Amino acid sequence: TIMKKQNGTLSDRLWMAIRSLTEPPRCVTDIQQRHQARLLSDFLLAVIPAGGVVALIQFLTIPGFLPVFLVIAGALTIMVLAYRLTRTGHYVSAAVTTCVTFLAATYAVILLLIDAETQSTFGFLLVSVILSGLFLDWRYTAGIAVLNLAGLFIFPVFHPAWTFSMMTGVL
């Protein structure tokens, strides 16, 4: 009917709403960068609410989780800012912010936790390198990898209980 064509189907309207949240601004003209900006927006729109729900569940069910919860909440807040940067045409800044946030939040959580279970958290350092490989060129990815390695070498200064071999044994 005419009414249906004017309003579109529910799935059409949903698709248009999603595109309006992920479509890069017109000022981003490079096709590859537009694709990467859309992918970053998609990623952030998935990670921010999912991370918030997971962090909240852990906060409500794990005693003493408040410090880690605050780190996660801070990281998610920074990712909201990264999403906003993506929407305003500052895609590279948004991607770098996202990658560095994963790296910094991982080290912050590791510094807060002292038990043996912390060792598995080092695996999250790879997320920042993988994300930089998806969203940035090789120079940025190499820089993120160097930051990760520098952190691994410097980390025992701040957390003497961990040796370099203990940390890299998990990775």
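Visitor: How many aromatic pairs does the count come to?

Guide: This is a predicted model. Rings are paired here if their centres lie within 6.5 Å. By this rule the count comes to three aromatic pairs.

Visitor: Are the rings of Phe43 and Phe102 stacked, edge-to-face or tilted?

Guide: The ring centres of Phe43 and Phe102 are 6.2 Å apart. Planes under 30 degrees apart count as stacked and over 60 as edge-to-face. The planes of this pair stand at 45°, so the pair is tilted.

Visitor: How many residues apart in sequence are the parts that Phe43 and Phe102 tie together?

Guide: Phe43 belongs to helix H3, and Phe102 belongs to helix H5. The pair therefore ties together parts whose separation in sequence is 59 residues.

Visitor: Is H4 roughly parallel or roughly antiparallel to H5?

Guide: Helix H4 (residues 66-87) packs with helix H5 (residues 91-112), their axes 8 Å apart and at an angle of about 175°. Angles over 145 degrees count as roughly antiparallel. H4 is therefore, relative to H5, roughly antiparallel.

Visitor: How many charged residues does the contact of H4 with H5 have?

Guide: Among the residues making the contact are Val71 and Ile78 of H4 and Thr98 and Phe102 of H5. By class, the contact has 15 nonpolar and five polar residues, and the number of charged ones is: no charged residues.

Visitor: Which elements give two or more residues to the lining of the largest pocket?

Guide: The largest pocket has a volume of about 710 Å³ and is lined by 25 residues. Gln58, Val68, Ile72, Val109 and Phe124 lie nearest its centre. The elements that give two or more residues to the lining are helix H3 (31-61), H4 and H5.

Conventions: Residues numbered from 1 in each chain as written. Predicted model: local features only at pLDDT ≥ 70, side-chain atom pairs only at ≥ 80, totals over all residues. Heavy atoms only, no water. Axes fitted to C-alpha atoms, helices over the stretch in contact; angles between N-to-C directions. Helix = DSSP H or I, 4+ residues; strand = E, 2+ residues; numbered from the N terminus. Parallel < 35°, antiparallel > 145°, perpendicular 65-115°, else oblique. Contact = heavy atoms within 4.5 Å. Nonpolar A, V, L, I, M, F, W, Y, C, P; charged D, E, K, R; others polar. 1 Å grid on protein atoms, 1.4 Å probe; cavity = no way out; pocket = protein on both sides within 12 Å on 5 of 7 lines; lining within 4 Å. Points joined across faces, edges and corners; volume = space filled by probe spheres on them. Phe/Tyr/Trp six-rings, centres within 6.5 Å; stacked < 30°, edge-to-face > 60°.
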